[in-house]
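Hi,

Here is the structure I promised to pass on to you. Have a look at it first, and then read my notes below.

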Amino acid sequence: MGKSPFLNNVRTFMRLRGMSLRTEHTYIYWVKDFIRFHRLKHPATLGGDDVMAYLSYLAAKRNVAINTQKIALNALAFLYNQFLQQPLGDLDFTFATKPRRLPEVLSTQEVAAILRDLSGRDKLIFSLLFGSGLRITECLRLRVKDFNFSHGTLTVHDGKGAKDRVTILSPLLRPAIEAEIYNVLRLQVSDNQQGIGPSIPGVLAKKYPSAYRQAAWMFLFPSSGLCNHPITGTLCRHHLHDSVPRKALRKAVIKAGLTNKRITCHTFRHSFATELLRTGRDIRTVQELLGHFDVKTTQIYTHVIGQHFAGTASPLDAIASF
């Protein structure tokens, strides 16, 4: 906990509602920034006009992205509407506009070239990103219990928006996943002998105090070191930090000679979606596999492959000889 009693109370309020640690850190950051902007005035003495002034400052002076503005607004809406019980009402605020940018995607050949320059754990991570459409944090949080080989699926728990979803799992990855499970369970046995295990969500850790000894809860990609659980303070083994696969990806991209594109971990999720649409999967199925709340979010991928033109041919095609 921090030094501010007010922010500590906000943290406690969020934890009682089971909000994710990532959301907690994000909201606390924006609430703290909002307080600093208003020269350390207590939020209870401020209101909707002050929130508007802050959001306008973010857009005009700090030039933050639209999504960042929305996150800041969500944090302040939570603060006032739920914690302080001082509803903001309808704010007359219009988010800054920006030109739509299509996501960068990779062909299957380009993905294959990158995977050839990866090995072991790193290769499996990026194979899952492309083969199952995962976000990097979703992949690194996978536990042994999340795989269903008989159905060819894996379950993502507490994804973006605190939603669970089931997505496809390539049978080609089964041997690599089973080998990884074998290795991590040996590590778990060693940890258990010291009274240590994988980090368990705070509420579940209290309800099932011996869960850290069960194979089902072990991370598929555990960290190499131990740490204290950020909420319970218990010494545990968390999942791998996302900086590790990002560094591996940078090296593989250079080796594959694909430096003409901006390739990130999320590029593999974009490529998963475009390949499904390209091979004839309907957009509702893709929406469900990606876990998008609104199909409009998924529709951006139809623009990447030109599917939104509904098969319209170029007029040049009507010319017999060119």
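Let's begin with Lys255, which sits in helix α10, a helix covering residues 243-255. Please keep in mind that this is a predicted model. Together with Lys247, Arg250 and Lys251, Lys255 makes up a patch of positive charge on the surface.

Now to the charges that do find a partner. Side chains of opposite charge can pair when their charged atoms come close. Across the whole structure, the search turned up eleven salt bridges.

One of them joins Asp33 and Arg62, with 2.7 Å between the closest N and O atoms. Asp33 belongs to helix α2 (residues 21-37), while Arg62 is in the loop between α3 (48-60) and α4 (66-83), so this pair ties together parts that are 29 residues apart in sequence. Asp33 is buried at 11% relative accessible area, whereas Arg62 is partly exposed at 31%.

Arg165 lies in strand β3 (residues 165-168) and Glu138 in helix α7 (residues 136-140), so their bridge connects parts 27 residues apart in sequence. Glu138 is buried, with a relative accessible area of 3%; Arg135 is buried at 14%, and Arg165 is buried at 10%.

Happy exploring!

Notes: Residues numbered from 1 in each chain as written. Predicted model: local features only at pLDDT ≥ 70, side-chain atom pairs only at ≥ 80, totals over all residues. Heavy atoms only, no water. Patch = residues over 30% accessible without salt bridge, like charges linked within 9 Å, V, L, I, M, F, W, Y side chains within 5 Å. Areas by Shrake-Rupley, 256 points an atom, 1.4 Å probe, with all protein chains shown as cover. Salt bridge = Lys/Arg side-chain N within 4 Å of Asp/Glu carboxyl O. Lys, Arg positive; Asp, Glu negative; His and termini not counted. Charge placed at Lys NZ, Arg CZ, Asp CG, Glu CD. Helix = DSSP H or I, 4+ residues; strand = E, 2+ residues; numbered from the N terminus. Buried < 20%, exposed > 50% of the residue type's maximum accessible area, 1.4 Å probe, protein only.
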